[in-house]
Amino acid sequence: MHVVVLGAGVIGVTTAYYLTERGHDVTVVERAEKVADGASGGNGGQLSYSFTDAMASPALLPKLPGIIAGLNPAFHVRPIPSPGLIRWGLAFLSQCRKSRHQANTAAILKLALRSGKLMNDLRANTNLEFSHRRAGKLVMLNGQSGLDEAREVCELKRQFGCDARVITPAEAIEIEPALLKMTSNYSGAVYSESDEVGDTLAFATRLAQWLGENHGTGFLMNTTVRRIVAENSKLVAIETDRDILRPDAVVVCLGAWAARVLDPLGIKTNIYPMRGYSITLPATSDSNSVSITDLASKTVFSRLADSIRIAGFADFVDYRTAKDATRIRTLLETARATAPDIADFSFNPAGEWGGFRPMTPDSLPTIGPSKIKGVHLNIGHGMLGWTLACASGYDAAVDV
């Protein structure tokens with residue numbers, strides 16, 4: 001079939017790869033000038049197959065008043081929430097029960113572990129270079145309650161073959177000496193040896209090039225989708241600002257922007273655009289090799305070749321970007337206070353980036369056919385699009 005993929009982020013490009021593997025003729029439509037120009041372009045770089053915990057959890061509930069009041073610098077919430085945020089927030093609260101958190105975490109974990117295996121196969125097939133490395137990952141914990149919660153979650157994950165385990169601060173320092181120069185007083189850490197890192201932008205860009213050279217995959221850049229046309233609950237066409245396309249099927253991979261083409265079709269998504277940020281700085285002799293997440297500040301430190309990618313924060317501001325410069329500065333100050341020697345903070349510019357993560361209330365992506373025949377979905381990956389890309393792309397392609 002001729003299949004159109006809407007969106008050339010990491011989810012869209014990976015979906016295109018698996019569609020071509022199944023013999024389809026694929027065209028990717030993207031409004032930006034470059035591949036992975038949105039949420040994929042500067043994310044944390046972590047392929048966190050072992051760390052897929054659903055955001056909605058009982059542990060988050062007591063923190064919500066402080067988050068809403070603006071007392072936690074890792075979060076920023078609009079002073080007057082929009083109806084969309086209120087609707088999403090109520091659904092999010094319903095997922096904060098322990099039973100829902102465990103079920104959601106287990107479901108994402110199974111998808112992530114499968115994604116890691118598929119990534120290995122994709123790399124072997126394409127020989128792409130994107131600073132991929134099995135780095136391992138440390139999630140640094142504070143306080144006894146954090147340790148207790150981590151042990152419970154690790155026990156759940158072990159049932160699915162996940163290697164994450166709780167270790168002492170001394171054991172964490174032995175694994176990653178850069179922790180000696182971090183300023184927090186950690187109570188322990190969760191460590192997974194098998195987790196990986198990779199430059200998402202390089203991956204998506206080079207995979208798109210590989211698809212063009214090896215499968216003739218077309219990429220229509222600078223092309224905005226105006227609407228998906230359906231009649232009698234069946235796909236008819238895709239109207240863009242350049243042309244009208246008449247494929248046999250379409251896979252929507254538009255991340256936080258999916259509702260703009262799906263709502264007119266009566267396909268409801270309840271995806272909220274949670275904004276995150278990153279900076280990319282040169283590594284130093286004191287930089288980390290293992291990926292580090294400082295849970296208290298919601299900040300991650302990833303080594304990508306000779307650079308350190310520092311990413312974090314979770315802003316609930318709808319599609320607004322007016323405060324980006326302030327939030328980037330706060331991220332820079334937070335990172336420097338937490339790990340003053342981990343990167344060259346004097347370097348300028350700092351590779352600033354901001355992107356909208358497509359968050360669902362339960363943190364689970366929506367993958368598969370919609371109620372409109374010929375319209376398929378691969379959306380709602382939240383903060384885990386890079387981690388879940390291969391399994392999501394594979395499953396979306398199988399369902400077409």
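Tutor: Two strands pair if DSSP finds at least two bridges between them. The model is predicted, and strand β11 (residues 234–240) with β12 is a case to begin on.

Student: How many bridges join β11 to β12, and in which sense do the strands run?

Tutor: In general, strands of a sheet pair through backbone hydrogen bonds, and the sense is either parallel or antiparallel. Here two bridges join β11 to β12, and the strands run antiparallel. Ile238 has Leu245 in β12 as its bridge partner.

Student: In what order do the strands of that open sheet stand?

Tutor: The order is β10-β11-β12, three strands with antiparallel pairing. β10 (225–231) and β12 (244–245) each have a single partner strand and stand at the edges, so one side of each has no neighbour in the sheet.

Student: Which strands pair with β13?

Tutor: Strand β1 (residues 2–6) pairs with β13 in the parallel sense over four bridges. Strand β20 (residues 375–379) also pairs with β13 in the parallel sense, over three bridges. For individual contacts, take Leu6, whose bridge partner in β13 is Val252, and Val250, which stands opposite Val375 in β20.

Student: Are the side chains on the faces of β13 buried or exposed?

Tutor: The general idea is that side chains of a regular strand alternate between the two faces of the sheet. In strand β13 (residues 249–252), Ala249 and Val251 lie on one side, with Val250 and Val252 on the other. All four are buried, and both faces are covered.

Student: How many aromatic pairs does a search of the whole structure find?

Tutor: A pair of aromatic rings is described by the distance of the centres and the angle of the planes. The search finds 13 aromatic pairs. One of them is Tyr18 with Tyr394, at 5.6 Å centre to centre and 80 degrees between the planes, which is edge-to-face. Tyr18 lies in helix α1 (residues 10–21) and Tyr394 in helix α10 (residues 385–399), so this pair ties together parts 376 residues apart in sequence.

Student: Is Tyr18 buried or exposed?

Tutor: Tyr18 counts as buried because its relative accessibility is 7%, under the 20% cut-off. Tyr394, at 34%, counts as partly exposed.

Student: Why is the pair of Trp88 and Phe316 called tilted?

Tutor: The ring centres are 5.8 Å apart and the planes stand at 45 degrees, so the pair of Trp88 and Phe316 is tilted. The pair links distant parts of the chain, with Trp88 in helix α3 (residues 83–94) and Phe316 in strand β17 (residues 307–316), 228 residues apart. Trp88 counts as buried at 3% relative accessibility, and Phe316 counts as buried at 9%.

Student: Which residues do ring pairs link into a cluster?

Tutor: The cluster is made of Tyr17, Tyr18, Trp210 and Tyr394.

Student: Where does the charged end of Arg31 sit?

Tutor: The charged end of Arg31 sits over the ring of Trp257, 4.4 Å from the ring centre. Another case is Arg260, which lies over the face of Tyr319 at 5.0 Å from the ring centre.

Student: Which residues make the nonpolar surface patch of about 360 Å²?

Tutor: Leu61, Ile86, Leu90 and Leu93 make that patch. Ile86 is placed in helix α3. With a relative accessible area of 45%, Ile86 is partly exposed.

How values were computed. Residues are numbered from 1 along each chain as its sequence is written. This is a predicted model: local features need pLDDT of at least 70, side-chain atom pairs count only at pLDDT 80 or more; totals for chains, interfaces and linings use all residues. Side-chain values use heavy atoms; hydrogens and water are left out. Rings of Phe, Tyr and Trp (its six-membered ring) pair if their centres lie within 6.5 Å; planes under 30 degrees apart count as stacked, over 60 as edge-to-face and the rest as tilted. Buried means under 20% relative accessible area, exposed over 50%, partly exposed in between (1.4 Å probe, protein chains only). A charge sits over a ring if NZ of Lys or CZ of Arg is within 6 Å of the ring centre and within 35 degrees of the ring normal. Patches are made of residues with over 30% relative accessible area and no salt bridge: like charges are joined within 9 Å, nonpolar side chains (Val, Leu, Ile, Met, Phe, Trp, Tyr) within 5 Å. Accessible areas come from the Shrake-Rupley method with a 1.4 Å probe; for residues, only the protein chains shown count as cover. A salt bridge is a side-chain nitrogen of Lys or Arg within 4 Å of a carboxyl oxygen of Asp or Glu.
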